[in-house]
Structures are given as structure tokens and as C-alpha cells.
Amino acid sequence: MNFDVNAFLAILPQALLGWAGVFLVTFVIILVIWVLNRVTGRKKEDGSGEK
């Protein structure tokens, strides 16, 4: 098995771009879930007992 350093360095920017995309999509999904929970979450009752 031969490890070609020049080939590794040539593909590295594309690999890093791919990993950046993975983390970006993960962040967007977490952000959307957080926003949906804030918008559609249960309201806290104030405890005043008024109906």
C-alpha cells in the first residue's frame, strides 16, 4: 500500500469543503428545530388561576 502525499494534498481542499457542508447542514437542521420548538412550544402558565 502506497500513500501518495501529493494526491492527498491535492484532494484536501475538496474534502474540507465537503466536511464544512456536513457541519453547515447539521447546524441549519438544529437551528430549524430550535425555531420550531420556540414557535410551537407549549405556553407557560402564569399560575394566576384565571380562566
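Thr40 is exposed, with a relative accessible area of 60%. The cut-off for exposed is over 50%, so Thr40 at 60% falls in that class. This residue is found in helix H1. Its side chain reaches the backbone oxygen of Leu36 at 2.6 Å. The model described here is predicted.

**The helix**

The protein chain has one helix and zero strands. Helix H1 covers residues 5–40, which is 36 residues. From its first C-alpha to its last, H1 reaches 51 Å. That is close to the 52 Å expected at 1.5 Å a residue.

H1 also has a kink. The bend is about 40° and lies at Leu12.

A side-chain oxygen of Asp4 comes to within 3.3 Å of the backbone nitrogen of Asn6.

**Aromatic pairs**

The structure holds two aromatic pairs. They are listed below.

| Pair | Centre to centre | Angle between planes | Class |
|---|---|---|---|
| Phe3 and Phe8 | 5.8 Å | 45° | tilted |
| Trp19 and Phe23 | 6.1 Å | 35° | tilted |

Why do these pairs count as tilted? Planes under 30 degrees apart would be stacked, and planes over 60 would be edge-to-face. The angle for Phe3 and Phe8 is 45°, so that pair falls in the tilted class. The angle for Trp19 and Phe23 is 35°, so the tilted class applies there too.

Trp19 and Phe23 both lie in helix H1. They sit four residues apart, about one turn of the helix.

**Exposure**

What share of the protein chain counts as buried? Of its 51 residues, the share is 0%. Buried would require under 20% relative accessible area.

The protein chain exposes about 5,500 Å². Carbon and sulfur atoms supply 67% of that area.

Technical notes
Residues numbered from 1 in each chain as written. Predicted model: local features only at pLDDT ≥ 70, side-chain atom pairs only at ≥ 80, totals over all residues. Heavy atoms only, no water. Helix = DSSP H or I, 4+ residues; strand = E, 2+ residues; numbered from the N terminus. Expected span 1.5 Å × (residues − 1). Bend = angle between axes of the 7 residues up to and from the residue. Polar contact = N/O pair within 3.5 Å; in protein donor to acceptor, adjacent residues only side chain to side chain. Buried < 20%, exposed > 50% of the residue type's maximum accessible area, 1.4 Å probe, protein only. Areas by Shrake-Rupley, 256 points an atom, 1.4 Å probe, with all protein chains shown as cover. Phe/Tyr/Trp six-rings, centres within 6.5 Å; stacked < 30°, edge-to-face > 60°.
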